Amino acid sequence: MTPPDPAALAARARELRTLLDRANRAYYADAAPIMSDAEFDRLLAELARLEQEHPALDDPDSPTHRVGGEPLKGFKTVPHAVAMLSIDNTYDAESLREWHRRVLRGLASPGSGGLFGETAASGVPPVRFMCDPKIDGVALSLRYEKGVLVAAVTRGDGVKGDDVTHAARTIRAIPLRLEPTGRGPAAPDVLEVRGEVYMPTSEFLRINAEREAAGLDVFMNPRNSTAGTLKNLDPRIAASRRLAFCAHGRGQVSPSSFANSYSQFLERLRGLGIPTNPHTRACATIDEVLSAISDFEVKRRSLDYATDGMVIRVDSFSQQDALGVTAKSPRWVVAYKYPAERKTTKLLRVEHQVGKTGKITPRAVMEPVLLAGTVVQHATLHNYGRIQDAPTEPDNPDSRRTDIRIGDTVYIEKAGEIIPYVAGVVIEKRLRGAERIEPPSKCPECNGPVEIEPPEGERDPKLETARRCVNPECPAQIREKLIWFAGRKQMDIEGLGEKTVDQIRQESDIPLRSFADIFRLARHREELLALDRMGEKKVENLLAGIEEARTRGLARLLAGMGIRHVGDVTARMLARQFKDLEALLEADEKTLRPKSLSKDEARALGLPEDPADRAETGLGKETAPIVHAYLHSRVAKKTFEELRAAGLDLASHEFKARPAGAHKAHSGFWAGKTVVLTGTLESFDRTSLTERLEAAGAHVSGSVSKKTDLVIAGASAGSKLAKAQELGIEIWDEQRLLKELPR
């Protein structure tokens with residue numbers, strides 16, 4: 001047999017790479033596919049076979065490497081050459097017109113008042129604006145040197161971000177090399193392209209269908225899924241999820257003559273094979289801008305990705321430079337955010353759900369309605385105090401205390417366009433004799449006793465904030481606690497989600513009624529393998545995750561147990577004060593209570609100035625006795641004994657011994673502020689942000705009360721945001737946080 005010609009093999013490999021790169025470019029950058037998916041996969045398989053059989057033909061930038069390599073051990077944080085500043089938001093036409101007037105004043109001739117003067121502009125040169133769809137994804141900065149992708153960095157805090165090049169290289173929409181097509185110049189020596197990585201809606205649905213079939217928890221929304229994919233240390237995960245990318249800005253560009261306007265910059269990116277949004281629109285006047293916003297609001301519902309607004313910017317780079325930036329955001333760009341879509345539907349009935357702490361929550365069951373791209377049939381009603389005996393003002397359907405009745409026509413919206421909630425009642429459509437919603441007097445799951453919690457300082461039961469089943473053996477609580485315990489922020493047991501917990505409890509005789517039972521699942525390996533869709537790999541991964549969870553330490557354990565008033569923040573604060581579980585159990589109730597501190601001492605500790613408000617344990621004068629009583633209850637003692645016997649690490653990983661009174665003094669805006677975090681933030685995970693706020697002197701609480709100073713709300717914020725709005729507490733979004741957070 002004649003041996004293959006090395007030159008011919010090399011030529012075929014080059015030809016295949018060229019074809020596959022052209023196909024990616026045609027599909028993602030030009031929106032004009034040149035081959036079918038099946039043909040692409042066939043050519044990719046041929047190239048992979050060639051490279052495998054002839055290692056000398058391998059190329060690090062080959063399309064075959066987009067499947068991902070070995071997992072990384074950790075992230076590297078790198079600075080941005082040019083800061084990725086946040087963009088100010090506007091929500092109505094008049095605010096947008098005011099931004100336009102400021103732009104014109106800023107570009108006015110010196111004789112008219114100068115930059116951002118108070119008078120109307122005169123002698124203003126022509127200004128063109130570009131309107132870009134605001135894709136709801138994750139901001140990313142791609143750095144090309146001599147046309148080769150060398151780094152991909154998340155936005156982070158705007159000054160520095162995480163290097164996620166390992167994941168970005170797997171995204172087919174991102175070129176690994178920039179090759180001009182004759183429509184413009186070659187790539188400059190340095191080209192930083194800012195853009196949005198996102199998960200197409202169709203891909204999100206595909207992944208969730210596969211996860212559901214495999215018995216895994218489904219993802220909440222495409223944006224969170226995208227962020228989690230980029231932050232996964234295994235690039236094969238990113239490769240399997242088919243993320244997309246769309247350019248919308250520039251960082252460092254050298255030489256700067258590459259483009260003199262945003263529109264030209266986009267045109268030249270497309271010429272290099274980098275995707276841009278086909279719905280970008282040029283406008284000469286503010287009326288044209290408003291028209292573009294209105295036109296796209298209708299069109300965006302039919303797209304295969306989520307959008308929440310339009311970004312409007314001055315086109316000319318020289319005019320952008322003249323306008324400049326503030327400390328946190330450019331003056332030449334603003335984001336117009338679309339209002340949440342509101343629909344009406346009929347409330348059919350109310351279900352009563354029991355959570356891990358025994359809290360009973362009313363859940364609305366409604367006639368299905370299409371809202372913001374999905375069919376909605378269920379929504380939380382938060383608590384019984386908000387839906388009883390407090391009639392809605394006829395002209396204010398957003399009233400937070402709403403008399404809702406069965407059969408009512410209700411307004412529904414989506415918080416962050418993700419989580420549906422009942423915003424109000426169409427009171428004039430109420431039927432005579434409409435049935436009131438009756439709170440359960442006994443637990444709907446176990447028929448056990450119920451405890452009613454009034455708001456702080458109130459005794460009227462009609463103003464209740466919560467209603468709880470106090471039976472610790474309640475089956476519904478046990479199920480919810482097991483699911484919570486295994487969650488990512490608690491014991492982080494991969495594969496033990498809601499569906500797996502239910503499957504084990506309902507389809508087998510394997511005991512799964514306590515936290516300790518989780519750590520005994522290895523004894524039931526054969527029974528697990530006999531369950532439907534529980535193959536050997538899935539069982540091995542589950543058992544490995546359980547074994548690793550034994551080492552999480554005291555803070556994660558306390559956070560996972562579902563103890564009332566002990567979330568992840570309070571659990572970590574307790575772990576900082578006590579070296580292990582034994583030390584915590586030896587502490588008396590007085591030790592857990594707030595210390596009697598002067599205002600100066602409280603400020604030095606970074607606590608609220610009210611000396612009776614918060615302790616270093618994170619517990620208050622009302623909550624410390626409740627937590628102490630639980631820790632020494634029969635149920636808790638049994639739980640701790642079983643977990644100790646199961647070999648769990650009960651030592652604190654956060655404890656640091658320090659002399660009494662050796663506290664770091666804090667000053668400035670954050671000192672003594674009580675802050676609550678809710679929802680999902682793009683630039684931070686909850687733990688790292690908590691640490692930064694605490695380092696600045698703030699106290700981060702897990703619940704909203706009258707003593708809360710500030711609530712920071714990200715995407716999918718829920719009941720905490722609603723309560724903050726009800727109490728009139730100041731609320732910041734992520735952009736405001738980034739402006740104010742110390743570097």
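Predicted model: local features only at pLDDT ≥ 70, side-chain atom pairs only at ≥ 80, totals over all residues.
Let's start with how open Arg533 is: at 45% relative accessibility, it counts as partly exposed.

## Asn447, another positive phi

Asn447 is also not a glycine and has a positive phi, about 65°. You'll find Asn447 in the loop that links β16 (419-425) and β17 (450-453).

Is Asn447 buried or exposed? Its relative accessible area is 53%, so Asn447 is exposed.

Next, follow the chain to Ser254 and Pro255. The peptide bond joining these two is cis, with omega at about 5°. Pro255 itself sits in a loop, the one between β8 (244-254) and α8 (262-271).

Now for a residue in a strand: Glu413 belongs to β15, which covers residues 409-415. Glu413 has 12% relative accessibility, so it counts as buried.

What does the side chain of Glu413 touch? It makes a polar contact with the side chain of Arg342, at 2.9 Å.

## How α11 meets α12

Finally, a pair of helices. Two packed helices can be described by the angle between their axes and the distance between those axes. For α11 (residues 475-485) and α12 (residues 498-507), the angle is about 130° and the axes are 9 Å apart. That angle makes α11 oblique to α12. The crossing of α11 past α12 is right-handed.

Which residues make the contact? From α11 come Pro475, Ile478, Arg479, Leu482 and Ile483, and α12 brings Glu498, Val501, Asp502 and Arg505. Sorted by class, the contact of α11 with α12 has five nonpolar residues and four charged ones, with no polar residues.

Conventions. Residues numbered from 1 in each chain as written. Heavy atoms only, no water. Helix = DSSP H or I, 4+ residues; strand = E, 2+ residues; numbered from the N terminus. Buried < 20%, exposed > 50% of the residue type's maximum accessible area, 1.4 Å probe, protein only. Polar contact = N/O pair within 3.5 Å; in protein donor to acceptor, adjacent residues only side chain to side chain. Axes fitted to C-alpha atoms, helices over the stretch in contact; angles between N-to-C directions. Parallel < 35°, antiparallel > 145°, perpendicular 65-115°, else oblique. Left-handed = near helix turned anticlockwise from the far one by under 90°. Contact = heavy atoms within 4.5 Å. Nonpolar A, V, L, I, M, F, W, Y, C, P; charged D, E, K, R; others polar.
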